[in-house]
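Me: Please present the structure, so that its salt bridges may be discussed.

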4 protein chains.
Amino acid sequence: MFRFLTAGESHGPALTAVIEGVPAGLTITAEPINVQLKRRQGGYGRGARQKIESDTAEILSGIRFGQAMGSPITLVVRNRDWANWTVKMSVEPLGEGEAPPEITVPRPGHADFTGMMKFGHDDLRNTLERSSARNTATLVAVGAVARILLAEFGISVVSHVVNIGGVKVNADNIDLRQVGALAEDSPVRVADKDAEAAIIAAIDAAKYRGDTLGGTFEVVALGLPVGLGSYTQWDTRIDGKLAQALMSIQAIKGVEVGIGFGAADVPGSQVHDAFYYDQAEGEEAAHFRRGSNNAGGTEGGISNGEPLVIRAAMKPIATLMKQLPSVNLQTKEGVPAFAERSDVCAVPAAAVVGEAMVAIVLADLMREKFGGDSIQEMRANYDSYQATIAVRTAQK
Amino acid sequence: MFRFLTAGESHGPALTAVIEGVPAGLTITAEPINVQLKRRQGGYGRGARQKIESDTAEILSGIRFGQAMGSPITLVVRNRDWANWTVKMSVEPLGEGEAPPEITVPRPGHADFTGMMKFGHDDLRNTLERSSARNTATLVAVGAVARILLAEFGISVVSHVVNIGGVKVNADNIDLRQVGALAEDSPVRVADKDAEAAIIAAIDAAKYRGDTLGGTFEVVALGLPVGLGSYTQWDTRIDGKLAQALMSIQAIKGVEVGIGFGAADVPGSQVHDAFYYDQAEGEEAAHFRRGSNNAGGTEGGISNGEPLVIRAAMKPIATLMKQLPSVNLQTKEGVPAFAERSDVCAVPAAAVVGEAMVAIVLADLMREKFGGDSIQEMRANYDSYQATIAVRTAQK
Amino acid sequence: MFRFLTAGESHGPALTAVIEGVPAGLTITAEPINVQLKRRQGGYGRGARQKIESDTAEILSGIRFGQAMGSPITLVVRNRDWANWTVKMSVEPLGEGEAPPEITVPRPGHADFTGMMKFGHDDLRNTLERSSARNTATLVAVGAVARILLAEFGISVVSHVVNIGGVKVNADNIDLRQVGALAEDSPVRVADKDAEAAIIAAIDAAKYRGDTLGGTFEVVALGLPVGLGSYTQWDTRIDGKLAQALMSIQAIKGVEVGIGFGAADVPGSQVHDAFYYDQAEGEEAAHFRRGSNNAGGTEGGISNGEPLVIRAAMKPIATLMKQLPSVNLQTKEGVPAFAERSDVCAVPAAAVVGEAMVAIVLADLMREKFGGDSIQEMRANYDSYQATIAVRTAQK
Amino acid sequence: MFRFLTAGESHGPALTAVIEGVPAGLTITAEPINVQLKRRQGGYGRGARQKIESDTAEILSGIRFGQAMGSPITLVVRNRDWANWTVKMSVEPLGEGEAPPEITVPRPGHADFTGMMKFGHDDLRNTLERSSARNTATLVAVGAVARILLAEFGISVVSHVVNIGGVKVNADNIDLRQVGALAEDSPVRVADKDAEAAIIAAIDAAKYRGDTLGGTFEVVALGLPVGLGSYTQWDTRIDGKLAQALMSIQAIKGVEVGIGFGAADVPGSQVHDAFYYDQAEGEEAAHFRRGSNNAGGTEGGISNGEPLVIRAAMKPIATLMKQLPSVNLQTKEGVPAFAERSDVCAVPAAAVVGEAMVAIVLADLMREKFGGDSIQEMRANYDSYQATIAVRTAQK
């Protein structure tokens, strides 16, 4: 089982993740984890903090001489700005008069109000520090470890942005094997250059208005075997697990797989992906293929061997310069929610977090199906299964 | 913890659910469970099987004299057609020559292909029997128990259909407290009469073409306290849990909360729900209120006390009279997928299943937050918490 | 993951178990399950109920033509005495005056008092019906399925009784491969004939006195591979899982692995099992071996390839003819606890339940390490791993 | 849910624990955690390392101004000797020729052999670093947090040693409310001064012989409410959870609750704890009481309000100066297992770890039963339940 816990406050000393279930012998160093952390911090429209931070992961356990030992892996991402927060975020009790003033005006769209009520906090800093999207840095770090595992089996996870603030990207004609690389070159993770320019303009306009923008991104996983997930119990389905994982990212309000909400609008004869067994020109032999991939890589809660295609909708950043009406919870006076230096648009970053969450779910399912305690053992199991599938789908 | 397992094949003797974690003293009888089972079987556009079945639940454990004992509850839904399947679905090995022919042509859009590959089945009946949406009967039965628990706290879960086959329902002006009752009176669970007629026409047309239709439904939960779910760990969020639960229903391809995918298209200033503390004409006192409910009842992964609004998109039924291209997995010959008497549209039924899944998630979160082993203890805990919230949000 | 839930009251209509995680293709019929259920009901010193019951399992799902489909398996064990309990245990509310009198005098050593307090029951029947050891029938049924899985890998689980009422059995010189078969022939599951006679006499004497006897049994698992369980996290250890599983059987008060509590009395030089690599007379090649098995088959929370040896202590049956002092919880009067026809000694039966619990833990660990969704896939993975181990421990 | 993960190698830079599920508002500082860490390092017969280490916990998250925020708590225990291990335990790959020689001779009684086989390690350092009892420092740290939570409800967890190397302590006449304090004053955690001297002598003798000693310790929890744990499902029982928790400590080979294995030797009439409702001289009112506590505080898998009494047997330390026979796994030559500066006896320390594991289980069960997200909410729920119990057990 690939399981993990994350911890850490946005302005605390550090974020921490402990990961259990990585097979021994897997080559892991800090470098590919840091590459992912850096990707999360990029994107046009981000605020000043991303420049302060420049996150890197320190590995405190589980790896020796660049290889996993099978023991839990600890990743620590230090907050570089911690020196400025040692009083406001002091672990130890403060002396009289030292405490900073309590924050009591909840920001709409944040966990401020819900967290205060749930946990009984008077100072909403006690909530916002953990509910902050800052924690996605640990998810990306854990996801980076998951990606390293997946790469052993030829599985890659990429993403691109398909809508920001209503400016839509037409990526239908872009090969899924190219879309990730194209997006990687774009400051807004958009695979189409025309749309990229329009989106940058929209972000600039929103910034000028003191507003923020949401959007939609697509995560694609390539190289998946058929057979991950199950229909035997509701909580074993790959699509359900992916939906939870993506919806659990801060600000995500919708998730769809393959044709997604579009399935509501067209009849069944145009939705389901036909099976064929044929030989195209230039191919050596006849083989199985699907006529389309509206399913998005999963049928019956199980991966079907086609590319996994999943999209998520992110709401606009909830901290706006254009202040929203709120209420001081102590005085009950109407006051504007506090405005803070923040991002105008974080959809490209969210796409990177989305990749991480998808990678985590896939790594867990791979661990479950193929078992093993070392990467050698796991790979042997994988190869053995894939050989069976090849026989079953090969020419008679 | 409210946990459960379901079991049973579509044409086996019975479906079974075992539920653990229902507080002692809760009044439960078969009748309200059967009401829900019946609701699942309704809806215009369903096939012949729904008439054969007329599901009812038998309670085999956990209830005495109409009250929960705190012990696991067993619910059995017998398949009334079992007498016709005792050979085809025999538990015991058959004699030579008795075995029915294997089914080897996977239907696009079903678990047939993925299940055969994953589990190594030659006969895809070994897959379809469990992957069938027939199992949603147990989910509805478990959901009925969850609803009974929620009702103790004034929480209700309703649904209505908002799109079938591209015919959209405008329900924006219908009060969320009415929408469930209006839908209940409609054969297609539509709260708007004009749309209802257009949808029925669309279903008729699809049937005539041998085609099927999908759609979108909305589930609404009313009466939720603030504070269910958490942001402390990714897997504690209410929105993530709901997304998994809904996406895990057969044929669901998308889930969205509140404004959902619409959040990608509008700026933040139009999305986040302002806080107010004021007194409308005719109201006795000033009180907290939100200016809108684009969040759909959840902020920061926690219920915020507003109505929970969540939508899911269902793909069209994958068994079509208009046959889809497929391949015989044994011979590798191209053949049409087998066509079977089936539903044309099951979106209204899926909405009922959606209610059940939402109720299950909410019941679990209520159990987690309020603890207790008897309904009296749980209610005392709930009342105590609600009194605290009332004080905090009351006039100073 | 091999997971399951059980349900059912002692005098309700039926006991039910739902098992998830059995690989497809495994041959399973009711017969070997019934063999285990019968073994649980045997043993000298049992009361009248065991004769009434003669439990058998009905398979309601998960098996077709004698083979697992990979879907959940439902096992139902009907209570043959149910006809006499339809009023006392009615699921539906009773009419006025129909309710049987409440039982309000808790029996020492039972869950009567704790269950009433925890769940808020006034009538302790609402507790005793589920807390009853009757539920071990479902554990044995689930264990029977686990044993079938283990048998595919040459793993067997046996047991024998080593102490009843202070009469100890010296089984130190009996080969562990024989001890199960010897015990099987004994009415008290004792492998040594001299001890058997003394134990039977002790049971007779206790019965005459209106008293009951406890004892100790040993469960032995043969054929385990090295590598089940882990030290990486406290909750991954095989010994911890086994301890929980055995301690969770009704009336068990102690569990020990290998030398167990004896380890407290002797120095380290006499406890730890030396490694050798040598060739005995008549053997073909040198091989690894251990000088002893004080570890009982587990080192560092991981199976080490030696026989697993684990013992559990059972307290005497808590329902005695010789009545124990108690208190009527309604009147607060001191009254004797109610005496009921019951077993004098159930240690032999508990040993069978102990086997089941051990089999369940082992099946789960085998599923986790070797993964796979069909028995063929799982076996291929197992064989591949065992080949690796053979190379590593073979002669250089 | 009180859940946590621990991580860290014995000679790595640090040990880490992340704890989820601590209620907001609980007062927590490093000091009481450090007190527990220090207790773990004490005890007569410990080796040199305990002096090097002097563990302290650094809190990296979850606490602000000395109070829990409800977010995950990160505890880091740095290894003070890390500077000497940066090469041998380097996270990054080493240059050619820099790698230390592999260790290939497994020590009997350790995880060396099992870990190498399971994880495919050639160098057993990759196993021993995590399987080491060093990790119990994190368990003690987590347990310290659990104790702080329990203390809010008047629950305390203490321990004393009852046997070392066969020298038994008679503590039967010592009040359970005193036994912890008496043990605290003893270098071998023994509550009886005569036994203390004999035990110290036994440890000295073992050290002189190059041998090691195991023993038995008892953990006692006072102040528990009735109603923790359940009989409804096998994995909900408090005794089973405690057994797993204690058996999962390194070197533990046996666990018993209350009368434990002694229950096998005496008849039921002498085992089960009678109920009385009476008034002793000097008492104000009649009240419920039990005649004895052979059950050890749990009946039917549920705490019964009496002191929880649980014992565990620890095998002697497996690293001996008197070398045990082993085999070089690369050359297959018989060689002595390597001898290392180590403890002669760690039973007193294990008792402290045992307290921690018991506290962790109890904290989890308290969280489950009483729910709540803040300590205020949890306490209100607890008080409400206790008031109900008081009424039910009070004079009529």
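Me: Is Arg379(A) buried, partly exposed or exposed?

Reply: This is a predicted model, in which local features need pLDDT of at least 70 and side-chain atom pairs count only at pLDDT 80 or more, while totals for chains, interfaces and linings use all residues. Residues are numbered from 1 along each chain as its sequence is written, chains are lettered from A in the order in which they are written, and side-chain values use heavy atoms, without hydrogens and water. Buried means under 20% relative accessible area, exposed over 50%, and partly exposed in between (1.4 Å probe, protein chains only). Because its relative accessibility is 30%, Arg379(A) counts as partly exposed.

Me: Which residue meets Arg379(A) in a salt bridge?

Reply: A salt bridge is a side-chain nitrogen of Lys or Arg within 4 Å of a carboxyl oxygen of Asp or Glu. Here the N to O distance is 2.3 Å, and the partner of Arg379(A) is Glu152(A).

Me: What is the relative accessible area of Arg125(A)?

Reply: The side chain of Arg125(A) forms a salt bridge with that of Glu129(A), at 2.6 Å from N to O. Glu129(A) counts as buried because its relative accessibility is 1%. Arg125(A) is buried as well, and its relative accessible area is 9%.

Me: How many salt bridges are there over all chains?

Reply: One network of salt bridges links Arg39(A), Arg147(A), Glu184(A), Arg189(A) and Glu355(A). In chain D, Arg237(D) and Asp239(D) meet at 3.2 Å, N to O, and both are buried. Over all chains, the count of salt bridges comes to 104.
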